[in-house]
Amino acid sequence: FGMAEADGQAVYVMPSAGGQLEKVCDDCGEVRAWSPDGRLMIYQRHTGMVYMLGLLQVPSGVERTLVENPPYRFFAPSFSPGGRWIAFVRRSPPDRDDVIVGPFRDESMAGERDWIVLAVENGSWVDIPRWSPDGQLLYYIADTDGFMCLRAQHLDAATKQPVGAPFSVRHFHQRREVPTRSPVLDYSIGQYKLVYDMV
């Protein structure tokens, strides 16, 4: 699938080879992740101070709440390569961000007691967790050292529990190469490659 957004928060899909746009929902919020098979889409939406993640089944259009628990805010979800885990950011008041990994089975997210909270330094801003192609590393952007840098955490292949401590992958300390910190910040991880947008 390809994807386009128009009409405010309406979402359309279209075959990547070309063809007609098809509306799949009228008010989904921001599209943030697609399942590996292209059948499921995760979106994030907020109403007032309530920030949630929702799941849309494509093409049936069936929606359900994936994660919602005020006063926490939830952002930047991504499916693991096999589609059985979801990583996202949980923002806790007043100033704590955690990278969370949760089991995803039968198109439902496991409850909080089954979530894996990755060690992120208190007070650091984190965003955009992304999986390595083999699912054994989780990357994220963090300002742990005062700059927006790329960090990563090794994960156990089966349980996704953290193995060792988080480590820096790429420092962005030069102004000309800093990733864009804005609602459009994103990046992609490939085999030995990183593609991201810069200021």
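**Exercise 1. State what share of the protein's contacts with a separation of 6 or more comes from residues 24 or more positions apart.**

Solution. A contact means heavy atoms within 4.5 Å. Among contacts with a separation of 6 or more, residues 24 or more positions apart account for 34%.

Two notes apply to every exercise here. This is a predicted model, in which local features need pLDDT of at least 70 and side-chain atom pairs count only at pLDDT 80 or more, while totals for chains, interfaces and linings use all residues. Residues are numbered from 1 along each chain as its sequence is written, and side-chain values use heavy atoms, with hydrogens and water left out.

**Exercise 2. Work out the layout of the open sheet of four strands.**

Solution. Step one: two strands pair if DSSP finds at least two bridges between them. The strand order is 4-5-6-7, with antiparallel pairing. Strand 4 (30-34) and strand 7 (63-67) are the edges, each pairing on one side only. On average, neighbouring strands are turned by 35 degrees against each other, direction ignored; the axes are lines fitted to C-alpha atoms, and angles run from 0 to 180 degrees between N-to-C directions.
Step two: strand 4 is joined to strand 5 (residues 40-47) by four bridges, and V31 has Y43 as its bridge partner. Five residues lie between these strands in their hairpin, where G38 takes a positive phi near 75 degrees.
Step three: strand 6 (residues 50-57) also pairs with strand 7 over four bridges. There, G54 has T65 as its bridge partner.

**Exercise 3. Find which residues line the second largest cavity.**

Solution. Step one: on a 1 Å grid over the protein atoms alone, a cavity is a set of points where a 1.4 Å probe fits but cannot get out; lining residues have an atom within 4 Å of a point. The structure holds two cavities of 30 Å³ or more.
Step three: its lining consists of L40, L55, L56, Q57, V62, R64 and E107. Strand 6 gives the most to this lining, with three residues.

How values were computed. Helices (H or I, at least four residues) and strands (E, at least two) are DSSP runs, numbered from the N terminus. On a 1 Å grid over the protein atoms alone, a cavity is a set of points where a 1.4 Å probe fits but cannot get out, and a pocket is an open set with protein on both sides within 12 Å along at least five of seven lines; lining residues have an atom within 4 Å of a point. Grid points are joined across faces, edges and corners, and a volume is the space filled by probe spheres set on the points.
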